[in-house]
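Thanks for coming, everyone. Let's look at the structure together, and then I'll walk you through the place where the chains meet.

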Number of protein chains: 2
Amino acid sequence: MKEFDLIKTYFKEQSVSRKDVLIGIGDDCALIAPSEKQNIAITTDTLVAGVHFPEDTPPRAIGHKAIAVNLSDLAAMGADPSWVSVAITLPNVDEEWVGEFCTGMFELCEYYNVQLIGGDTTQGPLSITVTAQGLVPHNQQITRSGAKAGDWVYVTGEIGGAALALQHYYQKLTLVPEVLRVVQERLDLPMPRVLAGQALRQYASSAIDLSDGLIADLTHICEASSVGANIILDKLPVPAEVLQVLGTEQAIDLALTGGDDYELLFTVNEDNKVGMETALTDMGIKLSCIGQLNGSQKITALLNEKPVEIKAEGYQHFVDGV
Amino acid sequence: MKEFDLIKTYFKEQSVSRKDVLIGIGDDCALIAPSEKQNIAITTDTLVAGVHFPEDTPPRAIGHKAIAVNLSDLAAMGADPSWVSVAITLPNVDEEWVGEFCTGMFELCEYYNVQLIGGDTTQGPLSITVTAQGLVPHNQQITRSGAKAGDWVYVTGEIGGAALALQHYYQKLTLVPEVLRVVQERLDLPMPRVLAGQALRQYASSAIDLSDGLIADLTHICEASSVGANIILDKLPVPAEVLQVLGTEQAIDLALTGGDDYELLFTVNEDNKVGMETALTDMGIKLSCIGQLNGSQKITALLNEKPVEIKAEGYQHFVDGV
């Protein structure tokens with residue numbers, strides 16, 4: 001098992017060195033000095049090869065994604081990402097693979113000043129579990145449960161691109177190279193919406209990151225907040241590439257049900273609407289208001305101003321067009 | 001994948017509810033309120049089926065062990081265990097298995113007032129990654145690097161029992177049922193030395209938990225502290241069952257090289273020796289002084305007052321008896 005110790009050499013090559021990390025990699029535990037003015041948000045996500053990413057995904061993308069999906073959870077709570085612990089299980093140690101994996105991981109960590117403080121390296125079927133921690137000023141966390149009827153529903157960026165890349169991978173369709181390149185990057189190298197999450201502390205009544213797909217994640221907010229939602233499907237920010245390949249209706253279905261985009265879905269009350277839109281637009285963040293919450297406890301939708309039925313697998317026109 | 005959501009129902013059944021946990025399981029992140037007077041120790045350990053435990057280990061033991069090995073790392077730093085995140089990857093959801101796993105996990109968490117604050121449940125080959133966090137008063141952490149030449153080397157409890165159980169499992173020998181019962185419990189249900197670790201904050205110059213075996217872990221301390229050690233092999237606290245089955249020499253070899261005991265190995269300077277022995281003995285903790293550190297940068301050993309050679313695979317008498 002000596003070769004697994006080699007990985008620790010790679011892990012120590014990070015360039016981030018935070019003042020609040022008293023002891024990093026190399027002892028029984030890491031030791032951090034928490035700030036008195038902030039709480040700590042903690043999240044854990046596992047990526048299993050063949051389940052959460054195709055087996056032949058480039059190692060740099062796997063390293064990036066393992067960090068990204070966790071920072072995305074921190075972003076959804078409005079936290080400043082700070083420290084990560086990485087447990088990696090590998091069938092064998094391929095130094096080139098490990099080097100590429102670490103490159104993907106550290107590029108994203110450096111961008112957000114996140115320090116790798118520890119982890120574990122074990123032999124077994126490929127999977128990665130990251131625990132990420134971030135700081136949130138007192139009483140400024142954004143939860144899933146703070147939404148109210150009347151709040152507006154927003155989504156950052158575009159949704160559906162990552163799901164289209166997966167459809168190509170599973171040979172449900174074949175994309176031309178220039179389209180594939182764009183959506184493959186959405187799947188492999190999602191950028192967590194950290195800055196948006198931080199800005200939203202001031203404005204959002206609730207937030208979640210889009211990992212399971214819009215319907216599933218909106219349902220999480222509605223259940224946690226005891227509200228319903230009406231979504232205007234025409235407003236969904238579907239990438240041009242997805243519209244071009246699938247046409248409007250199938251593109252909307254994919255945007256509703258496809259996961260892996262790691263955009264933020266959030267809600268804002270009427271009073272905060274303009275302030276939030278100004279703040280996020282000034283930061284260069286694409287925003288779409290896709291609907292409004294209500295007291296109905298269910299999710300409804302309009303397409304071309306006509307009601308359509310929302311289901312787990314997408315939407316369906318009502319049989320009689322009502 | 002709906003059945004994996006079921007696990008979250010089990011995860012919510014814990015009885016521990018700490019005041020410093022503002023948000024527990026169920027949102028994008030957990031949220032904790034750190035204390036101003038304490039730093040936070042963080043450790044991550046993965047257990048892979050077939051590598052870290054036999055595939056047919058009872059699920060209650062797996063749940064216990066996943067928590068225990070992490071609390072053991074916290075103990076080695078002198079931390080009060082506080083919060084755990086548990087990522088479990090399962091080939092399929094067997095409710096009885098999950099229930100037993102949670103029982104093992106929560107029994108130990110409750111004993112130490114540790115709250116499960118989150119995690120992930122995914123489908124794949126069986127493995128468990130736990131990230132455990134604990135609190136350490138400022139400047140009271142015990143590290144691997146604080147040992148000095150002249151310090152005494154101690155070990156808690158007994159060592160070699162877990163390794164004997166593994167030898168039976170891998171059919172290298174056959175144990176009679178009454179011996180197997182004793183050593184199997186050492187392997188399956190190790191008790192992390194949390195209270196000893198807390199007490200040692202006042203006394204120890206360094207500490208590590210015995211997961212890889214005495215030689216390997218003592219080497220970690222010697223390397224981190226730039227010291228050597230001389231060990232009196234006759235003083236190793238080998239369980240009566242191991243001595244009885246293997247005889248003295250083989251029993252010592254197993255105690256030197258066998259892992260999985262999760263006892264603490266620590267060092268204490270001359271001035272703290274009596275105070276430490278009194279404090280730990282009063283707590284009912286078995287203690288053995290097994291040697292002393294020196295400036296040699298290597299590990300030497302005596303058996304029956306004669307020098308023997310220490311190797312990774314155990315010890316060997318010098319060819320000429322010197």
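**Where chain A meets chain B**

Across the interface of chain A and chain B, 16 residue pairs are in polar contact, both residues at pLDDT 80 or more. A polar contact is a pair of N or O atoms within 3.5 Å; within protein, one must be able to donate a hydrogen and the other to accept it, and residues adjacent in sequence count only if both atoms are side-chain atoms.

Which part of chain A gives the largest share of the side that touches chain B? Strand 3 of chain A does, with 10 residues. Strands here are DSSP runs of E, at least two residues long, numbered from the N terminus. By type, that side of chain A has 23 nonpolar, 20 polar and 8 charged residues. Nonpolar covers Ala, Val, Leu, Ile, Met, Phe, Trp, Tyr, Cys and Pro; charged covers Asp, Glu, Lys and Arg; the others, Gly among them, are polar.

Quick housekeeping. This is a predicted model: local features need pLDDT of at least 70, side-chain atom pairs count only at pLDDT 80 or more, and totals for chains, interfaces and linings use all residues. Residues are numbered from 1 along each chain as its sequence is written, chains are lettered from A and ligands numbered from 1 in the order written, and side-chain values use heavy atoms, leaving out hydrogens and water.

Now the totals. 51 residues of chain A are in contact (heavy atoms within 4.5 Å) with 51 residues of chain B. The two chains bury about 3,800 Å² between them, 58% of it on carbon and sulfur atoms. Buried area is the accessible area (1.4 Å probe) that two parts lose on being put together, summed over both.

How many salt bridges are there between chain A and chain B? The count is 4. In a salt bridge, a side-chain nitrogen of Lys or Arg is within 4 Å of a carboxyl oxygen of Asp or Glu. Asp28(B) and Arg144(A) form a salt bridge, at 3.2 Å, N to O.

Strands pair up too, which takes at least two DSSP bridges. Strand 3 of chain A runs antiparallel to strand 2 of chain B, residues 30-32, with 3 bridges joining them. There, Ala41(A) has Leu31(B) as its bridge partner.

Last stop: Thr43(B), in strand 3 of chain B. Is Thr43(B) buried or exposed? Thr43(B) counts as buried because its relative accessibility is 5%; buried means under 20% relative accessible area, exposed over 50%, partly exposed in between (1.4 Å probe, protein chains only). Its neighbours include Asp28(A) and Cys29(A). The side chains of Thr43(B) and Asp73(B) make a polar contact of 3.3 Å.

Conventions. Helix = DSSP H or I, 4+ residues; strand = E, 2+ residues; numbered from the N terminus. Lists of a residue's contacts leave out its neighbours within four places in sequence.
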